[in-house]
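Hi everyone, thanks for making time. Let me put the structure up on the screen, and then I'll talk you through it.

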Amino acid sequence: MNFKRPRGTADILPEDQPYWGHVYDVASKVANQFGYHRIDTPTFEDTNLFERGVGNETDIVQKEMYSFEDHGGDLITLRPEGTASVCRAYIENGLHNLPQPVRMYYAAAMFRYERPQAGRVRQFHQFGVEAIGDASPEVDAEIIELGWKYIADLGIKNVTLRINSLGDAEGRADYINELEKYFLSVADQLPKVDRDRLTRAPLRVLDSKAKETQALANAAPKSIDFITGEAKEHWEALLALLDNLEEVYPDFSYKVDHRLVRGLDYYNRTVFEFEPSDVSGSQGTLIAGGRYDPLMGILGGQETPAIGFAGGLERLILELKKLELPVPSSKGPEVVVVTLGGAGSAGAALASGLRAASVSTVLAPKRSMKAQMRFANQQNASNVVILGDREVENGIASVKSLGEGGGQAEVSLDAASIAAHVLASGNQ
RNA sequence: GUGGGCGUAGUGAAGAGGUUAUCACGCUAGGUUGUGGCCCUGGAGACGAGGGUUCAAUUCCCUCCGCUCACCCCA
């Protein structure tokens with residue numbers, strides 16, 4: 001009986017690491033460009049944080065959380081998303097005392113008990129950003145710009161940005177009422193999935209995948225027609241700011257989509273999503289976010305406006321692979337040390353000396369010379385240093401460059417000389 | 001939770017109710033005594049599990065398990 005990884009988890013093998021390194025590197029680079037600082041929160045939290053923060057009625061809380069009682073009797077949950085934790089940390093650590101807004105980002109594993117499929121696993125990874133403590137539409141635009149730039153810097157083109165406003169809590173009830181009324185009036189034309197949805201979450205009928213529903217949803221009442229006052233001003237200001245972005249970034253564009261809604265309870269006003277334009281995959285959303293002004297209050301903090309997004313790294317990597325986009329490849333060592341005969345220990349000593357001199361060095365396995373050369377080649381090494389009894393005796397090592405038409409040189413057998421030789425040829 | 005597809009070496013594939021299960025890549029050892037990539041020759045390595053039908057099952061049937069895709073949901 002062999003052990004297998006749990007369903008919905010993945011081993012990220014060395015060969016896949018270039019993709020992961022790339023999505024993490026670009027994430028931190030772009031976040032820093034916008035003045036966002038990294039925050040790490042615990043992998044698990046009090047179950048109650050998510051029940052309150054994510055919303056007790058959501059599927060995430062109802063059937064997807066990894067929850068357990070620990071040995072002290074506390075109810076613990078592996079985080080299914082990042083925003084609730086960041087807000088908890090903001091409140092707990094008194095980050096409202098910092099200059100506002102506080103700009104933070106995270107990149108970490110999340111856990112949801114779901115049926116795995118393309119672009120969806122049980123342990124998955126998100127890059128998320130949050131700007132807390134500023135209600136102005138400029139911050140909305142900034143977050144959207146950040147998300148767009150992240151995707152663009154990864155090299156992914158042809159993404160569609162859809163945006164909508166859910167308005168504030170006050171006006172929302174009226175809107176949902178109207179929406180329900182409308183869908184009920186055409187209920188006989190809805191497929192049963194959507195009739196069920198209508199009783200459960202009327203907003204979600206809007207983004208149904210069913211063809212029959214989509215035509216009806218297009219004609220449904222729009223939330224942006226129900227928003228008033230500050231929320232309306234906010235929305236219009238945001239659209240103007242996005243128009244500016246179109247001038248700065250030639251490829252940037254957005255589409256107001258009144259059928260865009262969110263699954264989590266805490267969102268208000270601005271919501272948005274980035275997804276590939278060629279809607280092939282069903283789990284297509286690469287980045288999704290929005291404003292969540294009510295959340296801080298829900299979690300027991302002071303009312304504090306905030307907005308953020310989260311992006312699925314697995315989905316981004318899937319897209320990178322689909323588009324066959326290049327990612328920085330892992331480099332081989334600068335030196336592989338090949339030893340023959342009784343030179344084994346001299347080789348090990350030389351390898352240590354080279355590493356001490358900051359030259360990446362790998363010792364070839366003790367096999368035939370041919371096998372060791374082949375090993376060096378497979379490691380993608382820049383050079384081999386050949387060390388046999390002859391060399392040890394004469395105090396001279398053969399240093400061979402493995403590149404195209406690389407030559408071979410005799411170098412004095414000491415780490416400093418070899419390091420200098422290797423670094424000099426590497427810099428040419 | 002619901003519904004489809006699929007389970008043969010590490011990977012990708014082929015195969016037949018009946019002796020030793022095939023191929024490619026990969027791995028590994030060699031091919032003149034100390035020089036990689038190309039080429040050649042060896043070697044290791046597999047029928048997901050259980051039950052049934054049959055003289056005989058890896059092949060047909062059933063169950064389970066696993067993988068995968070979609071719905072649902074969501075990043």
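First, the ground rules. This is a predicted model, where local features need pLDDT of at least 70, side-chain atom pairs count only at pLDDT 80 or more, and totals for chains, interfaces and linings use all residues. Residues are numbered from 1 along each chain as its sequence is written, chains are lettered from A and ligands numbered from 1 in the order in which they are written, and side-chain values use heavy atoms, with hydrogens and water left out.

Chain A splits into domain 1, which is 14–168 + 227–322, and domain 2, which is 335–426; these bounds come from an automatic or database domain assignment. Taken over C-alpha atoms, the two domain centres are 49 Å apart.

Now the helices. When I say helix I mean a DSSP run of H or I with at least four residues, and a strand is a run of E with at least two, both numbered from the N terminus. Axes are lines fitted to C-alpha atoms, for helices over the stretch in contact, and angles run from 0 to 180 degrees between N-to-C directions.

Helix α1, residues 17–33, packs on helix α5, residues 137–154, at an angle of about 140°, with the axes 10 Å apart. That makes α1 oblique to α5; under 35 degrees would be roughly parallel, over 145 roughly antiparallel, 65 to 115 roughly perpendicular, and the rest is oblique. The crossing of α1 and α5 is right-handed, that is, the near helix is turned clockwise from the far one by less than a right angle, with anticlockwise being left-handed. On the α1 side, the residues in contact include Val23, Val26 and Val30, and on the α5 side they include Leu146, Tyr150 and Leu154. Contact here means heavy atoms within 4.5 Å. By class, this contact has seven nonpolar, two polar and three charged residues. For the classes, Ala, Val, Leu, Ile, Met, Phe, Trp, Tyr, Cys and Pro are nonpolar, Asp, Glu, Lys and Arg are charged, and the others, Gly among them, are polar.

Helix α5 also packs on helix α10, residues 229–248: their axes come within 9 Å and cross at roughly 40°. That makes α5 oblique to α10, and this crossing is right-handed. Among the α5 residues here are Ala141 and Ile144, which belong to a set meeting α10 residues such as Leu238 and Leu241. The class count is eight nonpolar, one polar and three charged.

On to single residues. Is tryptophan 20 buried or exposed? Tryptophan 20, in helix α1, counts as buried because its relative accessibility is 7%; the cut-offs are under 20% for buried, over 50% for exposed and partly exposed in between, with a 1.4 Å probe and protein chains only. Beyond its neighbours within four places in sequence, tryptophan 20 contacts Ile12, His125, Leu313, Glu314 and Ile317. Tryptophan 20 and isoleucine 317 are 297 residues apart along the chain, yet their C-alpha atoms are separated by 7.6 Å.

Finally, some backbone details. The peptide bond from glutamine 100 to proline 101 is cis, with omega near 0°, and proline 101 sits in the loop between α4 and β5. Serine 358 is not a glycine, but has a positive phi of about 65°; it is exposed, at 61% relative accessible area.
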